[in-house]
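Biologist: I am new to this structure. Please take a close look at the part where the two protein chains meet.

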Number of protein chains: 2
Amino acid sequence: MKPDLRVVKTKRALHEALVELLKNHSLEQVTISALCRVANVNRGTFYLHYARVEDVFEEYFQEITADLAKSYEEPYRHVKLLNPRELEPSTIRIFHHVQTYVDFYRIVFSKNVPLAYYYMLFDEVRKLLLRDTAAHKQDEIDHELFCSYQANAIVGMIIHWAEHDFAATPDEMNEQLAHILRLDSGRRV
Amino acid sequence: MKPDLRVVKTKRALHEALVELLKNHSLEQVTISALCRVANVNRGTFYLHYARVEDVFEEYFQEITADLAKSYEEPYRHVKLLNPRELEPSTIRIFHHVQTYVDFYRIVFSKNVPLAYYYMLFDEVRKLLLRDTAAHKQDEIDHELFCSYQANAIVGMIIHWAEHDFAATPDEMNEQLAHILRLDSGRRV
DNA sequence: CCTTTAATTGAACATGTGTTCAATAACTAT
DNA sequence: ATAGTTATTGAACACATGTTCAATTAAAGG
């Protein structure tokens with residue numbers, strides 16, 4: 001059940017062709033025909049794996065969101081998490097992650113791309129919150145709902161960040177998050 | 001400078017044709033050609049006003065987000081707003097608004113629509129928060145950033161709601177928001 | 001190495017896309 | 001009503017889309 005090398009080659013060619021075309025065109029300007037021309041892949045082959053150009057970007061973007069989760073696994077970062085209302089901001093790697101892949105995130109937050117990309121980021125953040133706050137459930141509050149609330153709040157900060165062309169530094173974003181979470185007084189490093 | 005009646009008629013025909021087609025097709029399945037066929041509008045005319053089918057939906061959806069703002073203007077609802085951390089949930093009309101137009105919001109929150117629709121809702125909520133919390137700025141916190149945080153947190157709840165097929169009632173959503181905002185203890189009606 | 005399996009190809013077809021143009025029709029303003 | 005303005009139309013064009021098919025090619029597994 002190994003992945004067929006031909007499929008791997010085809011997908012890699014399409015990935016690289018997409019990155020190439022995105023240097024001079026917006027995502028929605030990239031046609032399937034042009035993508036296949038640049039990638040030297042038959043158009044029929046494209047349809048064996050995808051339906052739209054956006055699906056190729058989505059597959060690529062999946063590797064990036066996977067990196068977000070991975071950065072949380074690094075043991076020296078993965079400090080014990082406290083009550084979600086007192087998240088230790090040094091453990092929040094998301095702003096640094098976004099800056100690392102800012103060229104991708106400019107696309108992810110642009111108006112005419114599918115909402116699916118947004119969900120991929122949101123789901124990743126929520127997954128991390130669900131895992132790290134499992135011990136701090138509160139009565140009367142639907143914990144999954146609360147994580148959707150909290151995760152999307154953070155993504156809201158990233159929207160704001162993107163609207164200002166990612167001018168602030170990741171550390172400044174972390175600092176603001178700390179203040180919002182009321183860590184400004186009684187900070188514990 | 002009145003709107004040309006011909007334009008009004010054309011747009012209305014396209015709006016109605018879109019609603020008609022959406023009964024049996026997803027938004028992305030609706031082609032420009034089919035839309036124009038049903039609307040009895042020349043395809044060239046379509047391009048005089050729009051570029052994509054999604055633009056027609058966006059124009060329609062604008063009327064709906066305008067209704068969200070309008071519901072906040074109703075004087076008997078527009079109670080004095082407190083500190084954003086203590087939002088009086090009875091003034092939060094958003095969950096009821098979403099339920100009123102749930103057929104539209106199912107599309108707005110579906111994966112393959114443009115992110116632009118999401119922004120329209122988010123911007124509307126943020127605008128309301130910015131207006132109603134202007135008096136409660138805090139030092140050290142970028143107030144606009146905080147409103148992006150808070151507005152998107154609420155939209156995160158709606159995402160969660162949509163994921164569960166809008167099963168909860170708007171009042172239950174409001175109740176959960178109240179709990180999250182720490183109104184559970186010391187509630188003031 | 002050789003057979004089996006399956007991905008890829010190239011070609012074709014109907015339809016959709018995006019644009020242009022002169023001719024026509026419908027609206028506005030006087 | 002009439003003249004002037006402008007949206008709409010229909011036709012045509014090159015190109016993109018989505019699908020099908022038999023022929024070919026490359027990989028997997030023994």
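Modeller: **The interface of chain A and chain B**

In chain A, 43 residues are in contact with 43 residues of chain B; contact means heavy atoms within 4.5 Å. This is a predicted model, where local features need pLDDT of at least 70, side-chain atom pairs count only at pLDDT 80 or more, and totals for chains, interfaces and linings use all residues. Residues are numbered from 1 along each chain as its sequence is written, chains are lettered from A and ligands numbered from 1 in the order written, and side-chain values use heavy atoms, without hydrogens and water.

Chain A and chain B bury about 3,800 Å² between them, 55% of it on carbon and sulfur atoms. Buried area is the accessible area (1.4 Å probe) that two parts lose on being put together, summed over both. On the chain A side, A:Leu145, A:Tyr149 and A:Ile180 lose the most area to chain B, together 19% of what that side buries.

Now the charged pairs. The rule finds four salt bridges across the interface of chain A and chain B. A salt bridge needs a side-chain nitrogen of Lys or Arg within 4 Å of a carboxyl oxygen of Asp or Glu. B:Arg126 forms a salt bridge with A:Glu163. Their closest N and O atoms are 2.9 Å apart.

Which elements of chain A give two or more residues to the side that touches chain B? They are helix 7 (115–132), helix 8 (143–163) and helix 9 (170–180). Helices here are DSSP runs (H or I, at least four residues), numbered from the N terminus. Helix 8 of chain A gives the largest share, 15 residues.
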